[in-house]
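These are my notebook entries from reading one structure. I wrote them in the order in which I looked things up.

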Amino acid sequence: MRQSLIQWFKFASPQSFYPLAGRMIPWFWAAAAIFGISGLWISFFVAPTDAQQGEGYRIIFVHVPASWMSMFIYLVMAFWAGLGLALNTRVSAMMAQSLAPTGALMAALSLWTGALWGKPMWGAWWVWDARLTSELILFFLYLGFMALQAAIDDPRRADKAGAILALVGVVNIPIIYFSVKWWNTLHQGSTINLNKAPSMAQTMLWGMLLMALAFWMYSIAVALMRVRAIILERERHTEWVKHAVE
Amino acid sequence: MQWNSVGEFFAMGGYALYVWGSFGACALLMIAEPFLAKRRLSEVRRSLIRERLADELETQQRTQ
């Protein structure tokens, strides 16, 4: 086996991932703070007032990052869960377990900020529209994944059951993403398109991207914090854990 | 900058409830979550330390 490959597998063991995660966390917090502060500055002091929505549009600076992260974290979670299922690697299953609450939080924030945006602009907190309903299903998928894992006593079996649920649920992600194209919905089309110039002011776009990066770094930092707790909880009967805590 | 006063900033052009309700909820949850994650880690660490102390005590008593 090549040397680099061996290095990779080394970090797949809880024993070496635990201290590595601990060393990475402060860097991700620092990045989250830098992106967050500059993003908030642009959101409130640089980005101009919107011609149609006045100051109410500023919700976009948290709504879009939270929605993106809710979908992206699900994909990452399903990837780790699937890898754990296929290769039986312990850290990947723990990583999936650690990401679920953060994903659920992002989905909840997406729905909450969406409701607060919908009320003044559409006149309704909630409509049973394709985009909103599929995002609500995503929120329930996260809760279902967490509940299923918590309900099974044997952690390895819980990982397997959770992984299958996570992988089946992936079908919902393209449904959310393309819902505004496939169906006639109240929700506006995507703000950023891969094959089209973005339909918004440059400064607004920068604010949104910086906030998205801040949410991204936040999610990594908090997921690493939680995975460290999960590693200790699940490996507590091993020799190395006994020596890891002083 | 488009704000002439602090009051104008907080009023958000009449959308105060919606804008601050959104940013406030994000701030609240994104402060609470790392706090909870940290507490979970320190709880498991504490119980591991207790467990080790109990083990040490037991071996001490056995040798006496």
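I started with helix 8 of chain A and found it mostly covered, with 24 of its 33 residues buried. I call a residue buried if 20 or more other C-beta atoms lie within 10 Å of its own, exposed if 12 or fewer, and partly exposed in between, with the C-beta atoms placed from the backbone. Helices here are DSSP runs of H or I with at least four residues, strands are runs of E with at least two, and both are numbered from the N terminus. Helix 8 of chain A reaches 47 Å from its first C-alpha to its last, close to the 48 Å expected at 1.5 Å a residue, where the expected span is 1.5 Å times one less than the number of residues.

Before going further I noted the conventions: this is a predicted model, in which local features need pLDDT of at least 70 and side-chain atom pairs count only at pLDDT 80 or more, while totals for chains, interfaces and linings use all residues. Residues are numbered from 1 along each chain as its sequence is written, and chains are lettered from A and ligands numbered from 1 in the order in which they are written.

I then checked the scores, and the model has ipTM 0.90 and pTM 0.91. Chain B averages a pLDDT of 92, with 98% of its residues at 70 or above; pLDDT is the predictor's confidence in each residue, from 0 to 100.

Next I looked at chain A as a whole. Chain A has 9 helices and 0 strands, and its C-alpha trace spans about 65 × 35 × 35 Å along the principal axes. Buried residues make up 40% of its 246 residues. Among the contacts in chain A with a separation of 6 or more, 78% join residues 24 or more positions apart, a contact being two residues whose C-beta atoms, placed from the backbone, lie within 7 Å.

For chain B I recorded 2 helices and 0 strands. Buried residues come to 17% of its 64 residues, and the C-alpha trace spans about 80 × 20 × 15 Å along its principal axes. The radius of gyration of chain B is 25 Å, whereas a compact globule of 64 residues would have one near 11 Å; the radius is taken over C-alpha atoms, and the globule rule is 2.2 Å times the number of residues to the power 0.38.

Where do the two chains meet? I found that the contact takes 32 residues from chain A and 25 residues from chain B. The chain B side that touches chain A divides into 16 nonpolar, 4 polar and 5 charged residues. In this sorting Ala, Val, Leu, Ile, Met, Phe, Trp, Tyr, Cys and Pro are nonpolar, Asp, Glu, Lys and Arg are charged, and the others, Gly among them, are polar.

I went on to the largest nonpolar core, which has 76 residues, and saw that A:Met77, A:Ala81, A:Ala96 and A:Ala221 touch the most other members. Such a core is a set of buried Ala, Val, Leu, Ile, Met, Phe, Trp, Tyr and Cys residues joined through C-beta atoms within 7 Å. The elements that each supply at least two residues of this core include helix 3 (60-87) and helix 8 (202-234) of chain A, and also helix 2 (16-63) of chain B. Helix 8 of chain A gives the largest share of this core, 20 residues. Leaving out residues up to four places away in sequence, I listed A:Ala96, A:Leu99, A:Ala100, A:Gly103 and A:Ala166 as the residues that A:Met77 touches.

A:Asn88, in the loop between helix 3 and helix 4 of chain A, has a positive phi near 60 degrees, and A:Asn88 counts as exposed because 12 other C-beta atoms lie within 10 Å. B:Met12, in the loop between helix 1 (6-11) and helix 2 of chain B, has a positive phi of about 50 degrees, and B:Met12 counts as buried because it has 20 C-beta neighbours inside 10 Å.

Last, I looked up A:Trp126, which is found in the loop between helix 4 and helix 5 of chain A. A:Trp126 counts as partly exposed because it has 14 C-beta neighbours inside 10 Å. Not counting residues up to four places away in sequence, A:Trp126 touches A:Ala115 and A:Leu132.
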